[in-house]
Amino acid sequence: MLPCPPDQVERIAVLGTGTIGASWAAYFLSRGLTVSAYDPMPDSEADLRRRIEAAWPALEQLGLPAAADPDRVTVHADPAGAVRDVQAVQENAPEFMDAKLALYEAMEPGLPDDAVMISSSSGLIMSELQKGRVGPERYVLGHPFNPPHLIPLVEVVGGTATDPAVVDWTLQFYEAIGKVAIRLNKEVPGHLVNRMQAAIWREAIDAVATGLASVEDVDRGLAYGPGLRWAVMGPHLICALAGGEGGMPNYIDHFGPSIERWWKDLGTPTLTPEVRRKLIEGVEAEAAGRTVPDLVRERDKLLLAVLGALGRARDELNKEKVASG
Ligand SMILES: NC(=O)c1ccc[n+]([C@@H]2O[C@H](COP(=O)([O-])OP(=O)(O)OC[C@H]3O[C@@H](n4cnc5c(N)ncnc54)[C@H](O)[C@@H]3O)[C@@H](O)[C@H]2O)c1
């Protein structure tokens, strides 16, 4: 049973309004949805409203529909009250199985039979989260990237008990509100994209641990090199282009043997006290006095510039495609 067509969701609950939940709430409001929120922290309402207000100028810059309203949010004292008449829930409680299960238990008396329950969990397995739930088939994972109000990506995967129609509905719901949703065909620890990030970070740490390069140069190497290309195309297409006119077959035949040799040489560092110290000192040197809020401001300003430029360029490309038939 599904609550409505995925492009007609009007009311969503946001449970847990910390870093991710507050950002999701701002995003949902910016797409014209009504949000009902719950977080047990004292003063959570003031904190949530402050975070929505802080995110709003960026959302305005990205373009708002007429229905977008930062005040269309209600904050509830209990989770069952927050979910009472919603079509979907985005759960963002702390990343502990017990905390999430206790929240589901407390929420369920209010949850409409047809509501879809989406967890933002970065690492917990949906098959475990949905065990023993009322209507486990409507529990699904929708993993965003920080900050969800700016980064388009959401990974969607169901657990063993999830109805495949709920996975499809969730993918379509996210696409309908302007996200880029990707389907994972099975559950693995860390989902897909964090595993790829972890693979890069492993090599980045090894580079620092073995003295290959400083923390700052490792970061600059990625941000000013592959990071720029990855903002427009993923590694497979990028490699295909590196194969020239011969594309992917040429790339694999030409560079494959070298890359296989590099794979065998990649590092497998551990976070020893010494490595930890090098990373912390390296990041301090790279930040050069900028505080975390300073860096968040910088990151979001630059992200917004990239998103705006990419949006305009993609629109132009689409127009060119239409014009050329
Ligand atoms: N931080 C990230 O980069 C990131 C990215 C993607 C997904 N996630 C996932 O989002 C979820 C939340 O992470 P976060 O980084 O926002 O954590 P956070 O600590 O910033 O926020 C968690 C919020 O949950 C609240 N909370 C505590 N107990 C609760 C309960 N029983 N019911 C409801 N809320 C409760 C806390 O008061 C807090 O406001 C986690 O599952 C995490 O894996 C995090």
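This report walks through a predicted model, from its domains to a helix pair and the shell around a ligand.

Residues are numbered from 1 along each chain as its sequence is written. Because the model is predicted, local features need pLDDT of at least 70 and side-chain atom pairs count only at pLDDT 80 or more, while totals for chains, interfaces and linings use all residues.

Let's start with the domains, whose bounds come from an automatic or database domain assignment.

| Domain | Residues |
|---|---|
| domain 1 | 6-183 |
| domain 2 | 193-289 |

Taken over C-alpha atoms, the centres of domain 1 and domain 2 are 32 Å apart.

Next, look at helix α7 (residues 193-209), which holds Q197. Helices (H or I, at least four residues) and strands (E, at least two) are DSSP runs, numbered from the N terminus. Q197 is partly exposed, because 13 other C-beta atoms lie within 10 Å (20 or more would be buried, 12 or fewer exposed, with C-beta atoms placed from the backbone).

Helix α7 also packs against helix α12 (residues 273-287), at about 95° and with axes 10 Å apart. That makes α7 roughly perpendicular to α12 (65 to 115 degrees). Here I205, V208 and A209 of α7 meet V275, K278, L279 and G282 of α12, where contact means C-beta atoms, placed from the backbone, within 7 Å.

Finally, find the ligand: 23 residues surround it, and the closest are G16, G18, I20, S122 and N146. A residue is near a molecule if its C-beta atom, placed from the backbone, lies within 6 Å of it. Elements α1 (19-30), α4 (97-107) and β6 (139-144) each supply at least two residues of this shell.

Methods: Axes fitted to C-alpha atoms, helices over the stretch in contact; angles between N-to-C directions. Parallel < 35°, antiparallel > 145°, perpendicular 65-115°, else oblique. Contact = placed C-beta atoms within 7 Å.
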